[in-house]
Amino acid sequence: MNLQADLLVLLPELILAMGAMVLLLAGAVLAGGDRSKPAGSETPLPGISWGAIVLLVLAGVATVTGPEQAAAFHGAFVADGFSRFAKILILTAAALSILMADEFFTSQQLSRFELPVLMLLATLGMLLMVSSASFLSLYMGLELQSLSLYVLAAFNRDHLRSSEAGLKYFVLGALSSGMMLYGISLIYGFTGSTQFSSIATVTHAGATGLGVVFGIVFLIAGLAFKVSAVPFHMWTPDVYEGAPTPVTAYFATAAKVAALCLFLRAILIPFPDLAHQWRQIIVFISVLSMALGAIAAIGQRNIKRLMAYSSIGHMGYALLGLAAGTALGARGVLIYLAIYVFTNLGVFACIQAMQRKGKPVETISDLAGLARNDIKLASVFSLLFLSLAGLPPLAGFFAKFYVFLAAIQAGLVIPAVLGVLASAIGLVYYLRLVKVMFFDEPVEAFDPVSGLGSKAILVISSLVALFFILAASPVITAADAAAKALVP
């Protein structure tokens, strides 16, 4: 084993790990320097936040300039086109989420240096997850991410709903981790290895028993919890509503990308010859997720709970690409995630802008007549909602198009048709939001959007939603190369 070469493969992760420790120490020293400051605002957040963003940028540079194809620590971690694509998405989502959090918590006078440090550590776990080529390294990265996310969900500790969200997420997350670990133990017991490539060799030879199938079932159950797919979605609405808005944005983007990319790697690489076994399960949870996301969101009154059910539906669409089990399906999932990240960051930046007299508001009725008070915000909100709905020629249409195309070519015609129907039903609640903003009687206006970071996110997400069709080729090419690293 060449230690230097191994460390080079993990250079992005090492940058985040060492940088997070430095920021943690710096924050602790600064926080202890002035005891006269009120609790919760001991350290100015911007300095630590910008340090975290710089670290994420450096990790991104290391990812892009790192080895194109390499393995480290006896094959437990890999660097390939797939991990590179996933890491860039995760790092981008994390950096923009920290930028949102900087503005949000500073305006709410809740600045605490631990927030960007926790986001860095969670991002570190995500990068380890998407580079894992062994169930042991997979579980290590997953738990590092999860432990940080549990704290982030309950970060606003003086708020009852935030504490409740963190507790629910912790309890259900521990249950899902136990199920996944049990599944991994069954797979190891019946194949004799935790390495993805070795497991694929054993399953290809047909030397496995029913125990491997049970192991896959438990593994999928644990992974389905992480992407909030039905029937393991129970935590999502409460956590989305209870967590602070930028933390919710982080859950909805970076965490979802990491979990779904982990799903792809942990299923497609070890078990290509058992596709007929796991495809049935994936199709089942995909169809249920699309249906629940479309129907349950209609009756919501809180916009963050609505976005929670919307995310459940979108994970159902993405899982349909995984169910195809082909390189085309994996490409569709990656394109979907790229569009999903920018669209959702824009939506949550809009939700963060829903403030009156410095206090956040979250009910849909608060959007009434927004177009008359702030036509720019209402236009961006509507554009992003229609993109999520999948209306052409917006970016969301192409996200669903590539997934449905892969599903149909894999013979999953009925699930694809059900997905189209679910998308049509989902259009109802997106159009209702547009109607409320443009046609209802106006209520009290929101405070003006003042943060430069939020404005930048709104502009970027709007450009992606509008003009993805003009710049789609590089994204499709990168996603195609990444998919071929999973399914040659």
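The following questions and answers cover salt bridges, helix packing, a surface patch and chain separations in a predicted model. Local features need pLDDT of at least 70 and side-chain atom pairs count only at pLDDT 80 or more, while totals for chains, interfaces and linings use all residues. Residues are numbered from 1 along each chain as its sequence is written, and side-chain values use heavy atoms, with hydrogens and water left out.

User: How many salt bridges does a search of the whole structure find?

Analyst: Side chains of opposite charge can pair when their charged atoms come close. The criterion is a side-chain nitrogen of Lys or Arg within 4 Å of a carboxyl oxygen of Asp or Glu. Over the whole structure, the number of salt bridges found is eleven.

User: How far apart in sequence are the parts tied together by arginine 265 and aspartate 80?

Analyst: The two side chains form a salt bridge with an N to O distance of 3.1 Å. Helices (H or I, at least four residues) and strands (E, at least two) are DSSP runs, numbered from the N terminus. Arginine 265 belongs to helix 11 (residues 245–268) and aspartate 80 to the loop between strand 2 (77–79) and helix 4 (81–107), so the parts tied together are separated in sequence by 185 residues.

User: Are arginine 265 and aspartate 80 buried or exposed?

Analyst: Buried means under 20% relative accessible area, exposed over 50%, and partly exposed in between, using a 1.4 Å probe and protein chains only. Arginine 265 has a relative accessible area of 2%, which makes it buried. Aspartate 80, at 5% relative accessibility, also counts as buried.

User: Which helices hold aspartate 238 and lysine 168?

Analyst: Aspartate 238 and lysine 168 form a salt bridge, with 2.8 Å between the closest N and O atoms. This pair links distant parts of the chain, 70 residues apart: aspartate 238 is in helix 10 (residues 235–242) and lysine 168 is in helix 7 (residues 160–191).

User: What class of accessibility do aspartate 238 and lysine 168 fall into?

Analyst: Relative accessibility is 21% for aspartate 238, so this residue counts as partly exposed. Lysine 168 has 31% and likewise counts as partly exposed.

User: Which residues are linked with arginine 305 in a network of salt bridges?

Analyst: Arginine 305 pairs with glutamate 241, the closest N and O atoms lying 2.8 Å apart. That pair joins helix 13 to helix 10 across 64 residues, and both of its residues are buried. In the network, arginine 305 is linked with Glu164, Lys168, Asp238 and Glu241.

User: What is the relative direction of helix 12 and helix 13?

Analyst: Helix 12 (residues 275–296) and helix 13 (residues 303–324) pack at about 155°, with axes 7 Å apart. Axes are lines fitted to C-alpha atoms, for helices over the stretch in contact, and angles run from 0 to 180 degrees between N-to-C directions. Angles under 35 degrees count as roughly parallel, over 145 as roughly antiparallel, 65 to 115 as roughly perpendicular and the rest as oblique. Helix 12 and helix 13 are therefore roughly antiparallel.

User: What is the handedness of the crossing of helix 14 and helix 17?

Analyst: Helix 14 (residues 327–352) packs on helix 17 (residues 395–409) at about 165°, the axes being 8 Å apart. A crossing is left-handed if the near helix is turned anticlockwise from the far one by less than a right angle, and right-handed if clockwise. The crossing of helix 14 and helix 17 is left-handed.

User: Which helix gives the largest share of the nonpolar patch?

Analyst: Patches consist of residues with over 30% relative accessible area and no salt bridge, with like charges joined within 9 Å and nonpolar side chains (Val, Leu, Ile, Met, Phe, Trp, Tyr) within 5 Å. This patch comprises Ile408, Val413, Ile414, Val417, Leu418 and Leu421, with about 540 Å² of accessible area together, where areas come from the Shrake-Rupley method with a 1.4 Å probe and, for residues, only the protein chains shown count as cover. Valine 417, one of the members, is partly exposed at 44% relative accessibility. The largest share, five residues, comes from helix 18 (residues 413–439).

User: How far apart in space are alanine 368 and aspartate 440?

Analyst: Alanine 368 sits in the loop between strand 4 (359–360) and helix 15 (370–373). At 9% relative accessibility, alanine 368 counts as buried. Alanine 368 and aspartate 440 are 72 residues apart in sequence, and their C-alpha to C-alpha separation is 5.3 Å.
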